[in-house]
Amino acid sequence: MINLTLEDIRYESRFVSRIERRDQPKRLAAAVMMIGICLWSGQVTETVYIFSAIGFSELLSIWIGKRFPKRDDHIPIWLIGILWCNNLFSTVAYLLPTLLLSSQPSLALFIAGFLWMCGSLVHIANTFAFLPFFNFSMMTPALLVAFGVLFQLANNTFGVAPTHHWIATAGLLIVYVFNALETLKKQKDTHKQLRNARRESNAQLRKLEYMTQHDGLTGLLNRWAFEEMLQNMIVRSDTESRVAVFILDLDGFKPINDTYTHEAGDHVLRTISTRLQKVIANTGITARLGGDEFAIALSDQNSEDALLKLAHRVAKTIAEPILVKGRELRLTASVGISMSTGIDDSIASLSANADHAMFKAKSARDGQAVMYDPDLFSPRPSLEDRRTLRIAMENLDIMPYYQPKVDIKTGRICGFEALARWEHLERGLLMPGAFLPQVAELSLHGELLALIAETVFSDLEYLLEAGLDPGQVSINVPEVSLATSNGRQELSDILMRYPSILGHVTFEITEDVFIARASETIQESIGHFRANGVRISLDDFGTGFASFQHLRQLDFDELKIDSSFVAALGTEEAADVLVEGFLSIAQGLGVDAIAEGVETAQQEQQLLGMGCTNVQGFLYGRAMPLAETRILLEAEKLRFPMMRQTKVSQTMHSHNRDHIDFKGSKAS
Ligand code: C2E
Ligand code: CA
Ligand code: CA
């Protein structure tokens, strides 16, 4: 079966519109000839009607052609609708002479009409064979007219036809042969154009993917791509064949940047990257994590000695002089190494350990490379830490704070993101960065989610009962909670206790759901919650997809553009291209987009210009406690007294998005 996507239809529309204009002179010439034959047969009034219809559809076709925007994803649906209807209408109009001629009591005219119909059918079938959406709009009326002709044949008695009728028929036969040959030639051309456009947009998609995975300056992997590949290595590792992570930090890089120019700094970073790549080659992956920090990951390792040797080689190649403006500069690097254990490894623990070791290397007088050794470094969280965390949760010291999301077109608050905060008695207000790693390490994320969900839902109920409109409130749901049916059930039970808030809840999930081994269960969980009116937002979008093609596997309602892209808007060209790319992916998939981390009016203006209206960031407010949230909403109510419609997941509306696809994803 043909699986047509909205994007396919947009493609087809552009081509159909182009083909129609391309073939217009030929069509009009044929129409003039047909006017002649019809008038000759004596049917003046009908002829005038038919050719007014043809004229109208041709004028409409010109008008439609002029309305087509440059980019496929900007083609409005209504325009496609008009194009489709006009195709149907013009097919009928062009075939009416067939019905007119075949109803005459002259066998020659009947044959002329019949030939005209065959010519039209050949033209349609050949030109539109690769444009199934429009093929349908044209073949259907064509076949109906064919039926009409056969019906006339059965009911008509033909007298002797005069010679001039036969001359007209013979003339038409010649035109018919010519037309068939011509159409065949153009059909190849149509097909070629279609293929080229597909190839182009696929290449664009690959370019976008490359840009999200690589560091623009050095061409090495960026942090996200590195972590993703590291995760794959960890999954495949065991106690025998282990994964090693090197974290490298340059010593003395900052002065170069300050003393010389930024170009000199860039040159140094590029030179070092090239050298690193040479040493590591195909034995592992190399990334620039940011600034002057690099990382290397290697699989199938089992000898600490071999790793230390490699680390020294890496340090040595970095220490070779670099020529900058005629001067030889020398830098050194500190290297920290960590190895997986085969039990309970994670990106976070491997990186943290390598980081630890790197700092040891920096402070050691003689060492350039240090291997992480758990005995030498600070211990993991203890039972005591577990108790403290548990008590903090029970006492509700850990609570959601709410950061507003804003529609910049109207200036109106469109929702909030609930962010965990620990109101610590001694240490003050703690951000998630300070306690989430411990929560994860102690496997308390289930408890944390239950606490946050329960509190957020009851806060939402409270705000709604107070007649306030909080919009869409999102909570961060870690992928582990969706990966088991127990986790799903627990969250679902909490949700079901608050029926009044449905339609106001969004779950933010990250691309970890794609890496996770239990991705099937996760997808089921997502389906379950969407069916219950929860919207799904893909958090930190752009930072970690192995491939955008993955997106098709998941049903979701919103895509949240990561703050790292927003921060680079206007300063890095790549960021502008990427954000536009993400917005067009969202549009192609038919989902909403929101940008996070908006801090400046300039970023706001740029996003608005790109058509992104939903945003979140310090520019509009930081996460605040419930009481402040309520005050904010009360002020908002005075500004906008009308309640707004709530958004629900598309599944809830039983919209099936399965068929919606983004550019080129299906092309071969
Ligand atoms: P996230 O989901 O990406 O959340 C957005 C983070 O960006 C928040 O940091 C927010 O305070 C910060 N942010 C918002 N606007 C701006 C801005 O304009 N500029 C900058 N520089 N930052 C901005 P926060 O609250 O520290 O949270 C960090 C991460 O911790 C979150 O990242 C999320 O992944 C996680 N997290 C927060 N609350 C929860 C929770 O309840 N459960 C779970 N599992 N994770 C949570
Ligand atoms: Ca989030
Ligand atoms: Ca985020």
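Predicted model: local features only at pLDDT ≥ 70, side-chain atom pairs only at ≥ 80, totals over all residues.
The crossing in which α2 passes α3 is left-handed, and the residues that make the contact of α2 with α3 fall, by class, into 18 nonpolar, 5 polar and 3 charged.

Helix α3 (residues 77–102) also packs with helix α4 (residues 107–127), their axes coming within 7 Å and crossing at roughly 160 degrees. With this angle α3 is roughly antiparallel to α4, and the crossing of α3 and α4 is again a left-handed one. On the α3 side the contact is made by Thr91, Tyr94, Leu95, Pro97, Thr98, Leu101 and Ser102, while α4 contributes Leu109, Phe110, Ala112, Gly113, Trp116, Met117, Ser120 and Ile124. Sorted by class, the residues of the contact of α3 with α4 are 10 nonpolar and 5 polar, with no charged residue among them.

## The calcium ion (ligand 2)

The protein donors of the calcium ion (ligand 2) are Glu417 through OE, Asn476 through OD1, Glu508 through OE and Asp539 through OD, and these lie 2.1 to 2.3 Å from the ion. Along the chain, the donor residues of this ion follow the spacing E-x58-N-x31-E-x30-D. Distant parts of the chain are linked in this way, with glutamate 417 in strand β9 (residues 412–424) and aspartate 539 in strand β13 (residues 535–541), 122 residues apart.

Both of these residues are buried, glutamate 417 having a relative accessibility of 4% and aspartate 539 a relative accessible area of 6%.

Aspartate 539 bridges the calcium ion (ligand 2) and the calcium ion (ligand 3), and the two ions lie 3.9 Å apart.

Glutamate 596 is buried, with a relative accessible area of 11%.

Although glycine 415 and glutamine 472 are 57 residues apart in sequence, their C-alpha atoms are 4.3 Å apart in space. Leaving aside residues up to four places away in sequence, glycine 415 touches Gln403, Pro404, Lys405, Pro470, Gly471 and Gln472.

Aspartate 249 has its place in strand β1 (residues 242–251), and at 13% relative accessibility aspartate 249 is buried. Its C-alpha atom is 8.7 Å from that of alanine 295, a residue 46 places away in sequence. With residues up to four places away in sequence not counted, the residues that aspartate 249 touches are Asp292, Glu293, Thr332, Ala333, Ser334, Met358 and Lys362.

## Two loop residues with positive phi

Lysine 325 has a phi near 50 degrees, which is a positive value in a residue other than glycine. This lysine 325 lies in the loop between β4 (322–324) and β5 (327–329), and with a relative accessible area of 64% lysine 325 is exposed.

For aspartate 344, phi is near 60 degrees, again a positive value in a residue other than glycine. Aspartate 344 is placed in the loop between β6 (332–339) and α11 (347–363), where aspartate 344 is exposed, with a relative accessible area of 72%.

Methods. Residues numbered from 1 in each chain as written. Chains lettered and ligands numbered in written order. Heavy atoms only, no water. Donors = N, O, S within 2.8 Å, 3.2 Å for Na, K, Ca; no water. Helix = DSSP H or I, 4+ residues; strand = E, 2+ residues; numbered from the N terminus. Buried < 20%, exposed > 50% of the residue type's maximum accessible area, 1.4 Å probe, protein only. Axes fitted to C-alpha atoms, helices over the stretch in contact; angles between N-to-C directions. Parallel < 35°, antiparallel > 145°, perpendicular 65-115°, else oblique. Left-handed = near helix turned anticlockwise from the far one by under 90°. Contact = heavy atoms within 4.5 Å. Nonpolar A, V, L, I, M, F, W, Y, C, P; charged D, E, K, R; others polar.
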